[in-house]
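Student: Could you take me through this structure, step by step?
Tutor: Gladly. Let us have it in view.

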Amino acid sequence: MKDASVGNHLYLYPPPKPLPHTPAFKLATTLVTLLTLLFSGYFIFYLTGQQNAYLTNAEDLGIMDQAIWNTLHGHLLHQSICNIVSDTNCYSLQGITRFAIHFEPILIPISLLYYIFPTPKTLLVLQTLVVASGAFPAFWLARLRLRNEWAGVALPLLYLLYRSQQNALLFDFHAVTLTSALLLFTLYFIYTRRTAWLFVFAILAMACKEEIPLVVACLGLWSMLLQRRWRSGLLLLLLALTWTSLALLVIHLSSPTGQPLLAARYAYLGNSPPQIAQTFLAHPASILKQHLLDRAHRTYLASLLAPASYLPLLAPWILILALPTLALNLLSSNPGMYSGLFQYNAEIVPILTFATIETIALILWFAQGLSQMVFLGAWPVSRGGWDPCGQYISNREIGVERTLDGRPQGPTPTIGRIGTPRPCIVGAGEDVDVGKGPLWQPCLGDRYPVRAHHHLSSPYLKGIDPCGRPWWRSLPRNLHIMLLALMLIYILFNVLHQDYTHSAMPFAQDFRWPHITAHTQLAQRFIDMIPPTASVSAQSRLVPHLSQRLNVYMFPYADDRANYILLDVTGDRYPYFNAQAYTREVKKVLQSGNYGIQAAENSYLLLERGLPPPAVLPYSL
């Protein structure tokens, strides 16, 4: 049989040794389940409350609702909602298929839910449940890597409280937000070498957005290099590359321009891979300064790393998995992609969570190795007894200095040697994951009892406690547990502090529960005046309540063609960012002679095409 130590030099992540399902594990699982249910219940009520209070948006809950509703009515992922003012996703008033913008085939099976619950709230509930489920793989990964059930509870709490993940969840519905959990499941199954489930969740994750296959390809390379799983890793890599090719082909065939309509966000780099490469080679310093070192981009990176106390930086072999998404966000000309406020970071959070786990394991390994050197390394034996590696040292070996694995540094004694050290991974005092990369250590636990033929009164055993252990043998373990507890407390303090400054958590300083007012209740009366088959252009916050129709637009798009225009002149004016531009557009519509006022009350304004234009502008416009 090959020595386990040989495997340690060949790879870092061999098959993990499972942990028993102890009462502590069952209690920890119960706590994680409770946290997941609390998170799910809270955000389901919060997000559906936002929809009821008219706080959701045309981009993108309205878009997703329209695309899914149209799929069930014979128009595959058809959408007409877009931002004509400040984005590049508008092409035709007749609308386009969503595949011209993003490749998100997972929306097709999701659309089946609309046969039972045909409402945008269905998407919000589904998204919350899927994201919350990511707490379980976070728990399983932390438990296996740190060998401690209670540490396993702290890391899913970090995941659930992670502000970037909550921001993605809060910002309406996006298929890519589901990858927060799906990629965590993928990471767990790739780590535990459960190949079938690995491919199931990898495919589900890739079906959420066209850039996810790049992350999965990185996972395939990671598995090949660090697990030596050449066959499954190569298959995962080839699957990801094939999926990427399929996504690009579908987008090319679906887009009227032959490329994603959002590709203009990177047009400054070039229109082809050779041009992009040439731009990077010709202006590396300029690109680095503008897209990494400037204040906005540094703030963005800080918002990603601060909740985890910047610990992921110490696990670059994990953090590199997020490189494709980070590059897309940092290089985009759209500030929203590197603001940290929207869905663009959903697939980064699971990688940051795993990197945090690995960093904790690395720090524990380093600290335990240091403590062994201080307390147990190269030490002279003053009396016969059991050394920290479980070997008996007789009087003949007094003064022989030993290394951490129990071998004498000088000539090997031949008298009094009993047994050999047993290798293990130092997690939280458990015998785990033999050969697990940076955690490879000789065991220091309780697995070497005093031999029966030696009595506690023997002069060879002076300094040994009633359990048969030298007092100094428990110091590394105690320090290990204390350090683990301190790190977890520090991480949770930081993530709670980040949530306190700005989040949807009830303890946040800017927290506001969505309330339904008399003004928002009035909106439904105006919506009921619009025939269900009529085309309508409406302000952003009104669109998700009008989106289940073939042609609906976000004002000002189609404000010269739509059958109806619904406005709230005191409401959210997006995509306009100043009141003057919005007011000018409303005046232009009213003065065009194409629309008349069908109803007006409490700042709402419903215009119908073909009615006589108003003689006087309403609401002091």
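This is a predicted model: local features need pLDDT of at least 70, side-chain atom pairs count only at pLDDT 80 or more; totals for chains, interfaces and linings use all residues.

Student: Which strands stand at the edges of the open sheet, each with a single partner strand?
Tutor: The sheet has 5 strands, in the order β9-β8-β10-β12-β11. An edge strand has a single partner, so one side of it is left without a neighbour in the sheet. The strands in question are β9 and β11.

Student: In what sense do β8 and β9 pair?
Tutor: Strands of a sheet can pair either parallel or antiparallel. In this sheet the pairing is mixed. Over 3 bridges, the sense of the β8 and β9 pair is parallel.

Student: Which helix packs on the sheet?
Tutor: Look for a helix that touches β10, β11 and β12. Its direction makes about 10 degrees with that of β12. Residues 518–528 form this helix, α20.

Student: Which residue forms a salt bridge with E601?
Tutor: E601 lies in strand β11, and its partner lies in helix α20. The closest N and O atoms are 2.2 Å apart. The pair ties together parts that are 76 residues apart in sequence. The partner is R525.

Definitions and conventions:
Residues are numbered from 1 along each chain as its sequence is written. Side-chain values use heavy atoms; hydrogens and water are left out. Two strands pair if DSSP finds at least two bridges between them. Helices (H or I, at least four residues) and strands (E, at least two) are DSSP runs, numbered from the N terminus. Contact means heavy atoms within 4.5 Å. Axes are lines fitted to C-alpha atoms, for helices over the stretch in contact, and angles run from 0 to 180 degrees between N-to-C directions. A salt bridge is a side-chain nitrogen of Lys or Arg within 4 Å of a carboxyl oxygen of Asp or Glu.
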